[in-house]
Amino acid sequence: MSQTNSEMEALIAGEYAQGFITQIDSDTFPPGLDEAVVRAISEHKGEPDWMLQKRLEAYRHWLTMDQPDWAKIKHPPIDFQQISYYSSPKQSPKLESLDQVDPEILATYEKLGISIEEQKALAGVAVDAVFDSVSVATTFRERLAEAGVIFCAISEALRDYPELVRQYMSSVVPHKDNFFAALNSAVFSDGTFVYVPKGVKCPMELSTYFRINEAKTGQFERTLIVAEAGSEVSYLEGCTAPMRDENQLHAAVVELVAMEDAKIKYSTVQNWYPGDHEGKGGIYNFVTKRGDCRGDRSHISWTQVETGSAVTWKYPSCILRGRDSVGEFYSVAVTKGYQQADTGTKMIHIGENSRSTIVSKGISAMQGSNAYRGLVRIAGKAENARNHTRCDSLLIGDRCAAHTFPYIEVKNPTAKVEHEATTSKVSEDQLFYCRQRGLTEEDAVSMIINGFCKEVFQELPMEFAVEAQKLLAVSLEGAVG
Amino acid sequence: MLAIKNLTASVDGKEILRGVDLQVEPGEVHAIMGPNGSGKSTLAHILAGRDGYTVSSGEVRYLGEDLLQLEVEERAQKGLFLAMQYPVELPGVNNMSFLREAMNAMRKARGEPEIDTLSFMKQVKEKARQVKLDEKLLKRSVNAGFSGGEKKRNEILQMAMLEPKLAILDETDSGLDIDALRTVADGVNRLRSKERGMIVVTHYQRLLDYIHPDKVHVLANGRIVRSGGKDLALQLEARGYGWLLEEAAA
């Protein structure tokens with residue numbers, strides 16, 4: 001394998017010498033990153049010049065940065081010159097029928113109750129004409145347009161609404177924020193833009209549409225959601241089905257802006273490839289997600305169910321700038337096999353009477369390692385700020401690990417900050433008890449796990465709460481005993 | 001319905017049961033008494049299929065099947081119920097949902113449809129009243145934060161709902177005050193029927209003031225050293241276990 005890689009490298013290096021221009025006509029760039037690649041991505045997408053300048057600025061800054069090493073995760077160093085930074089979705093190999101898909105994946109789809117059409121879309125099988133996704137999507141688009149909601153690819157937004165994007169992009173996560181955010185700012189391939197005008201309640205969950213159209217997520221995704229004063233929107237990314245993806249490194253950036261009285265609910269279900277039984281392969285997921293409660297009484301709520309990836313590094317955060325603004329973080333993170341997760345949140349209280357709630361549920365099984373890392377910062381101006389944190393860990397078996405790293409910084413004496421943490425274990429006694437009452441071991445585990453995660457699941461949109469429950473049961477199958 | 005023949009079993013290489021024989025027929029209530037460490041709970045656990053015990057010889061037939069070959073949940077689904085000495089807490093698992101899941105698992109195994117919500121609710125409320133279990137506890141997590149008495153009442157409620165063919169009560173009386181003991185005993189007596197066998201494992205005679213067994217067995221040093229009627233229990237109360245142990249040793 002390594003030999004093939006170095007051969008490839010040599011081949012690519014050779015081509016590089018002859019100039020890059022010929023390369024940009026192809027749909028996939030060769031591995032490697034330099035200014036020419038950044039320029040090529042921007043050009044490929046027909047972006048305005050300011051965007052290119054932003055990318056270049058980010059890229060140059062990224063060169064001066066080091067990969068962070070403070071997280072409770074271990075992985076071989078990432079060679080950023082081995083990665084291809086642009087790949088058109090058209091390039092992904094199309095299979096002719098489900099018969100060509102890995103039966104193990106199909107079995108999982110089956111257990112999750114995913115329809116045949118969706119299975120095909122997810123597994124990358126050419127979808128036949130019977131599945132009329134286009135017309136469904138068009139209906140959704142019409143309804144959104146009627147309400148004045150913009151919901152499109154970020155590259156489309158850069159073309160059609162450049163001023164809106166320019167105003168808000170990088171205003172929450174500046175490109176200098178961290179190593180992976182800088183990388184994303186330089187090379188992001190695509191992503192989603194949502195704009196909800198003043199006073200508009202988005203007429204539908206943006207998940208439904210998403211699931212039909214965007215089954216395949218990019219490697220360096222960029223999402224920007226802006227909710228104007230008094231508006232409301234609920235967005236769900238990801239999918240419970242295991243995602244086939246050849247890219248090992250994922251570094252997304254998500255920015256949310258909530259103006260006065262606006263409410264954004266952002267839910268994630270992440271189930272990317274976690275690696276094989278020996279811990280080989282699997283996605284490295286380094287994500288920067290941040291919401292800015294810019295207006296008074298604004299409200300941002302993050303809910304995440306993280307069951308996939310070999311490495312998860314992710315801290316969806318809220319900057320509570322507005323008075324009486326509210327930030328919430330509800331998380332279930334599962335690590336099994338050799339999965340590692342270092343995840344949590346940051347609640348930065350600046351506005352008076354700002355309130356935040358953190359509910360984190362970490363489940364570790366087999367050799368999985370799960371860390372909660374959370375920062376609650378109450379700034380000097382934040383009179384009467386409040387935070388409540390609840391952080392629970394559940395262990396299955398005796399080879400897994402759970403860690404909790406709470407950081408609390410309080411600079412205002414009127415603040416109320418509470419932190420509760422528990423660690424428990426799915427015990428032999430519990431399983432025996434359930435089985436003695438007629439339940440199978442699998443049902444018993446799933447019942448105990450779902451009980452443990454209940455507070456988080458009830459924050460998910462209804463249909464997904466049910467799927468998330470099934471997902472957890474499937475994820476932890478065979479993890480006991 | 002249950003026939004135990006020459007059952008020998010050990011834990012971590014230590015022999016606990018040394019040839020137990022016991023025969024239980026439908027409609028009978030058997031009491032198994034004995035000093036601490038005599039193997040009473042081990043016997044109950046082996047019948048329910050708990051891990052960690054090695055059966056080295058002997059045989060257990062239950063409703064015509066080799067019981068020891070069945071999985072824990074299969075035994076439960078075939079009507080074997082164990083009321084535990086230390087009922088386990090299941091944080092986050094709603095008590096009522098748990099009961100319903102358990103009932104449906106049993107029904108599914110018997111090829112019956114799931115119980116409908118209305119009749120389930122009616123039944124569970126009525127039976128909770130009978131065992132004097134506060135209705136609020138039905139909405140809480142299974143046994144989580146329950147008092148000792150509440151946990152035992154909850155066990156009896158589960159037994160009443162699941163309507164087992166063979167019920168084994170493992171030291172259900174331990175740690176109960178006299179009122180709770182009466183309620184638990186009432187619950188057991190209400191379940192006595194021609195079709196149902198029961199094994200009541202207890203250290204003290206006092207439970208047998210309320211549950212009148214058809215047969216009393218004394219388990220000591222891993223063997224049933226004496227079997228008799230209710231008067232055997234009274235004799236034990238008066239004289240303790242010492243004399244029986246001496247006789248057995250002789």
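Two strands are taken to pair if DSSP finds at least two bridges between them, and the helices (H or I, at least four residues) and strands (E, at least two) are themselves DSSP runs, numbered from the N terminus. The structure described here is a predicted model, in which local features need pLDDT of at least 70, side-chain atom pairs count only at pLDDT 80 or more, and totals for chains, interfaces and linings use all residues. Residues are numbered from 1 along each chain as its sequence is written, while chains are lettered from A and ligands numbered from 1 in the order in which they are written.

Strand S1 of chain B (residues 2–11) and strand S2 of chain B (residues 14–24) run antiparallel and are joined by 8 bridges. Within this pair, Leu7(B) has Val20(B) in S2(B) as its bridge partner. The two strands S1(B) and S2(B) make a hairpin with 2 residues between them, and Asp12(B), in the turn, has a positive phi of about 50°. S1(B) is also joined by 7 bridges to strand S4 of chain B (residues 54–62), again in an antiparallel arrangement. Along this pairing, Ser10(B) lies opposite Thr54(B) in S4(B), and Thr8(B) lies opposite Ser57(B) in S4(B).

Together these strands belong to an open sheet of 4 strands in chain B, with the order S2-S1-S4-S5 and antiparallel pairing. S2 and strand S5 (65–66) of chain B are at the edges with a single partner strand each, so one side of each has no neighbour in the sheet. Helix H1 of chain B (residues 40–48) lies across S1, S2 and S4 of chain B and runs at about 70° to S2(B). For this and later angles, axes are lines fitted to C-alpha atoms, for helices over the stretch in contact, and angles run from 0 to 180 degrees between N-to-C directions.

Strand S16 of chain A (residues 386–396) runs parallel to S18(A) and is joined to S18(A) by 10 bridges; here Leu395(A) stands opposite Lys425(A) in S18(A).

Chain A is divided into domain 1 (2–91) and domain 2 (150–426), with bounds that come from an automatic or database domain assignment. Between them, 30 residues of domain 1 of chain A are in contact with 26 residues of domain 2 of chain A, where contact requires that the C-beta atoms of two residues, placed from the backbone, lie within 7 Å. On the domain 1 side, the elements that give two or more residues are helix H2 (35–44) and helix H3 (49–63) of chain A. H3(A) gives the most to that side, with 9 residues. The residues of this side divide into 18 nonpolar, 4 polar and 8 charged; Ala, Val, Leu, Ile, Met, Phe, Trp, Tyr, Cys and Pro count as nonpolar, Asp, Glu, Lys and Arg as charged, and the others, Gly among them, as polar.

H3(A) also packs with helix H9 of chain A (residues 179–187), at an angle of about 145° and with their axes 7 Å apart. Residues of H3(A) in this contact include Lys54(A), Tyr59(A) and Trp62(A), and those of H9(A) include Leu183(A) and Ala186(A). By class, the contact of H3(A) with H9(A) has 6 nonpolar, 2 polar and 2 charged residues.

Finally, the two chains meet: 17 residues of chain A are in contact with 21 residues of chain B. The elements giving two or more residues to the chain A side are helix H11 (428–436) and helix H12 (441–457) of chain A. H11(A) gives the most to this side, with 7 residues. By class, the chain A side has 6 nonpolar, 6 polar and 5 charged residues.
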